[in-house]
Amino acid sequence: MISAPAPTPVIPSFGGSDACVANTNSLFCPSWVSQNWGSILQPELLQHIELTVVAVVIGTVIAFVAALIAFRHGWFAQGFGAISAILYTIPSLAFFEMFVPVTGIGMLTIEIGLVGYTLLILFRNILEGLRAAPAEALTAAAGIGMTPRQTFWKVNVRLALPAIFAGLRVATVTTISLATVAAYISTIGLGAGIQRAIQNSFNTELLATGILTIILALVADALIVLIQRVLTPWQRAARRS
């Protein structure tokens, strides 16, 4: 009986004929990054940015409306806070998978999960910021003839900006991180590259996508800090004095 020949090992193709990639699979091959930037890395980076921006914007809107209701009606704060806390404690992969039977495999499922994780941080920060306006400032606003609506937007909201931006920073960086896990549901964003690299044991793509995720988080955090500095000039004046 003739035995079947042993199967030939499958060597994944990482693109190109560069010796660093094809032969040694070194720790990091800059040539692969340059060759695949436009076709792989840049599109996935843009997808990751889109996932993050959509989730944070929607989460901020929902959290602000909820915080506004809780600010007017104290009983609402405990209920919404409890629901958002429960969502935050669910493991990320399980959270995404919960919605697959309803919304299918795609961006909608991922965004629902990402938005859910932003609510606790944003809601608490916005509500605490709105409640933190000093009584002296509110009294002064009433003394110069401001209506309750004017007082809310010109005093409560403006003084809450530092707390709101602090929540935005945490929510944004957290969303960038969690969006990489979402690739297990649908191959979108930088998480798709990380997942491919792990499956193929390809160090270069793993490092490239991981570094891009870190850079994206740092840049996003720096942009939020810059916007905060522009919108809260009184904080800079207070530091100087």
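This is a predicted model: local features need pLDDT of at least 70, side-chain atom pairs count only at pLDDT 80 or more; totals for chains, interfaces and linings use all residues.
1. Helix 5 is mostly covered, with 18 of its 25 residues buried.

2. The length of helix 5, which runs over residues 107–131, is consistent with expectation.

3. Thr-52 belongs to helix 2, which covers residues 30–72. The relative accessible area of Thr-52 is 6%; because buried means under 20%, Thr-52 is classed as buried. When residues up to four places away in sequence are not counted, Thr-52 touches Thr-172, Thr-175 and Ile-176.

4. Phe-76 is located in helix 3, residues 75–89. Its relative accessible area is 21%; since the partly exposed class lies between the buried limit of 20% and the exposed limit of 50%, Phe-76 counts as partly exposed.

5. Which residues does Phe-76 contact, leaving aside its neighbours within four places in sequence? They are Ala-66, Ile-69 and Ala-70. For the pair Phe-76 and Ala-66, the separation is 10 residues in sequence and 8.1 Å in space, taken from C-alpha to C-alpha.

Notes
Residues are numbered from 1 along each chain as its sequence is written. Side-chain values use heavy atoms; hydrogens and water are left out. Helices (H or I, at least four residues) and strands (E, at least two) are DSSP runs, numbered from the N terminus. Buried means under 20% relative accessible area, exposed over 50%, partly exposed in between (1.4 Å probe, protein chains only). Contact means heavy atoms within 4.5 Å. The expected span of a helix is 1.5 Å times one less than its number of residues.
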